[in-house]
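Grab the sequence and open the structure in your viewer.

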Amino acid sequence: GKVVGESRGRVGLILSDGREVGLVPQQLIAIKKSPVQEFPIGAEVDIIHENPDLNGRTGRVQGHNRGRVGVLLTNGETAGLLPQQLRNTSKTGCQEFPVHTEVDVIAGPHDGKHGFVKANSRGRIGVLLDDGQTVGFLAQHLRAVGKAAGQSFPVGTAVELVCEDQKLNGRTARVTGTFRGRVGIELENGDLIGVPPQQLRKQGSTADQAFPVGCEVDVVSDNQNINGKHGRVTGTHRGRVGVTLDNGDVIGVPPSQLKNLGKAASQAFKIGDKVDVICDKENLNGRGGKVVGIHRGRIGVELENGDVVGLPPQQLLNLGKSAAQAFKIGAEVDIVCPGSQLNGKHGKVNGTHRGRVGVELSDGTIVGFPPQQLRNLGKTPQQQFPIGTQVDIICNANPAINGKHGKVTAVSRGRIGIELSNGEQIGLPPQQLRAVEKSADQQVKIGDPVVIVSENQEINGLSGKVTGKHRGRIGVELTNGTIRGVPPQQIRYDGKTATREFKTGQHVVVIEGQHNGKVGTV
C-alpha cells in the first residue's frame with residue numbers, strides 16, 4: 001500500500017485494492033522505492049508470477065495506477081501487476097536513447113528508416129527521420145547506431161570518406177557542420193558536400209585540440225613554397241589552422257599538413273634559462289648560452305662570449321636554471337677543473353655575469369668559472385653560522401687561534417666575525433669553524449644550577465648558579481658567595497631550577513632551617 005497520513009500513532013494506508021486501513025508502525029515494512037521510482041515508464045521488465053501463463057514473460061512499463069504497474073507484453077497484451085511480481089531488466093527509453101542519438105527503425109510502418117532522437121515523452125521516443133518527419137516510437141522499435149552526427153563528428157574533425165562512390169571513396173576532408181543527421185564536409189579541393197555519418201571515418205582530433213594556440217609546428221605540404229617551414233599556431237577556423245611562419249607570413253593550412261613540435265617557445269624556454277646550441281653550424285654547435293628573449297617563435301640566446309643569436313627552439317637544449325639561480329651569492333663552492341692550478345680550491349660566490357659564476361677564493365682572489373666547473377657545498381655562511389652560534393676554530397696554519405672557542409658576532413662578505421673567550425675579535429672563513437651544539441644563551445639561563453669543569457683547579461668542580469652573561473662568558477655565583485666569569489664550555493648544567501622542580505600547588509616538606517619538618521604548599 002501507500003502511506004496517506006498519520007494519526008494518534010497509527011499510519012493511514014491505501015492498499016492496492018483501494019481499501020483504506022490504519023496500522024501501527026511495527027506492522028509495516030517500508031519499501032525503499034515506490035513503484036513509480038522502481039519501474040519508470042519505458043523500463044523493460046521480466047514477470048515473476050504464480051500464473052504460468054505470465055511467469056517468465058517480458059514487457060515494457062506503460063503506466064502506474066493505484067500501486068500497480070501497467071506492462072505492455074511482447075504480444076501486445078497489457079497486464080496490471082504488483083511491483084513484487086516484476087524485475088527491472090533494462091534501461092528506460094530516456095536512458096537508452098538520449099537526445100541526439102542516431103537510430104534505425106526496426107519495426108512498424110517506418111521499418112528500415114534512419115533518424116536521430118529529438119525528444120522522450122511518456123515512454124515513447126521522438127525521432128526526426130531523414131525524410132523530415134518526426135515520429136514517436138516505442139523503444140523496442142528502435143536500434144541505436146551510435147552518437148549523433150554532431151557528437152561523433154564535431155566541427156574541424158579530420159575525416160576520410162568510405163563509400164561506394166569511387167570519386168569520393170578514400171578522399172580526406174574536414175567537418176564543417178551537421179544538419180538533419182548528415183555531416184557537412186569540406187574536401188581538400190574546397191568542395192562542400194553532405195554525407196551520412198556511416199560514410200565517414202574519423203582520422204584524429206579536431207584542429208583546435210591537435211594544434212592549440214601557441215604550439216610550434218612544421219609545415220608538411222606538396223606546396224613547395226611553404227613545405228618544411230616552421231611557425232607557431234595563432235588560431236583555428238573552420239577546421240583549418242592559422243600559422244605565423246618565422247618570416248612573419250600568416251597562412252591557413254589543414255591539420256594534415258602540419259607536424260606538432262610541442263610547446264611554444266615561450267613555454268619551453270624562460271628568460272634566464274641556460275642552454276646549449278645543437279645545430280649544423282660549426283661556429284655555433286655545442287656552444288653554451290643564456291636565454292635573453294623570445295620573439296616570433298625564435299629564442300634569443302646570449303652566448304658566453306657576449307654575442308646574441310636568434311635560434312629556433314629545436315636547435316636548443318634547455319639545461320634548466322641559469323647560473324644566477326643555481327649559485328646564490330655567498331654560497332660556498334669547490335672548484336672542479338682538472339688541469340687548472342685552481343682545481344680543488346675553495347671559495348664563495350660573489351656574483352654572476354654572462355653565464356659565469358664569480359668566486360672569491362680563501363686568499364681574496366676573485367675568479368670566474370662556468371657553473372659546470374663548480375660544486376655547490378650548500379648553505380651560505382649566514383645559514384651555517386647565525387649570530388650567537390658558539391664555534392670552535394680549526395686552523396692548523398695558525399697555532400695561535402687553532403682550537404680556540406668563540407661566539408659568532410657578525411657575517412660579512414663570506415667571512416664570520418668571532419668574539420673569542422678573551423674578548424678578542426677576529427674574522428675567519430666558514431671552513432675554519434665548527435659550530436658547537438648551542439650558544440651560551442641557549443645552554444643555561446639565569447638561576448640555573450651549574451658545575452664548573454675547568455683546567456683551573458681552583459674552580460674545577462665548584463657549583464653555583466648562573467647570575468648573568470656578558471661578552472660570551474657566564475657569571476656564576478658560587479656556594480660561598482663568590483661570583484666568577486666562566487667560558488660557557490666550562491659550564492655543565494646541574495639539575496633542575498626551583499621553578500622547574502617545584503610547581504605551583506605542589507605539597508612540600510621543609511628539610512632544613514628554622515622551619516625544618518614543616519609542611520606547606522608551593
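**Exercise 1. Find the strand that holds Asp 46, then decide whether Asp 46 is buried or exposed.**

Solution. Start with the element: Asp 46 sits in strand E4, which covers residues 44-47. Keep in mind that you're looking at a predicted model. Next, check the accessible area. Asp 46 has a relative value of 17%, and the cut-off for buried is under 20%. So Asp 46 counts as buried.

Now look at who surrounds it. Leaving out residues up to four places away in sequence, Asp 46 touches Arg 57, Thr 58, Gln 85, Leu 86, Arg 87 and Thr 89.

**Exercise 2. Say how many cavities of 30 Å³ or more the structure holds, and describe the lining of the largest cavity.**

Solution. Rolling a probe the size of a water molecule over the atoms shows where empty space is left. Here the count comes to two cavities of 30 Å³ or more. The largest cavity has about 50 Å³ of space.

Its lining is made up of Gln 390, His 405, Gly 406, Lys 407, Glu 419, Leu 420, Ser 421, Arg 471, Gly 472 and Pro 488. Strands E35 (405-412) and E36 (415-420) are the elements that give two or more residues to this lining, and E35 gives the most, with three. Sort the lining residues by type and you get two nonpolar, five polar and three charged.

**Exercise 3. Describe the second largest pocket: its volume, its lining and the strand that gives the largest share.**

Solution. The volume is about 210 Å³. For the lining, there are 13 residues, and those nearest the centre of the pocket are Ala 173, Arg 174, Glu 188, Pro 254 and Ser 256.

Then trace the elements. E15 (172-179) and E16 (182-187) each supply at least two lining residues, with the largest share, three residues, coming from E15. By type, the lining of this pocket splits into five nonpolar, four polar and four charged residues.

Methods: Residues numbered from 1 in each chain as written. Predicted model: local features only at pLDDT ≥ 70, side-chain atom pairs only at ≥ 80, totals over all residues. Heavy atoms only, no water. 1 Å grid on protein atoms, 1.4 Å probe; cavity = no way out; pocket = protein on both sides within 12 Å on 5 of 7 lines; lining within 4 Å. Points joined across faces, edges and corners; volume = space filled by probe spheres on them. Helix = DSSP H or I, 4+ residues; strand = E, 2+ residues; numbered from the N terminus. Nonpolar A, V, L, I, M, F, W, Y, C, P; charged D, E, K, R; others polar. Buried < 20%, exposed > 50% of the residue type's maximum accessible area, 1.4 Å probe, protein only. Contact = heavy atoms within 4.5 Å.
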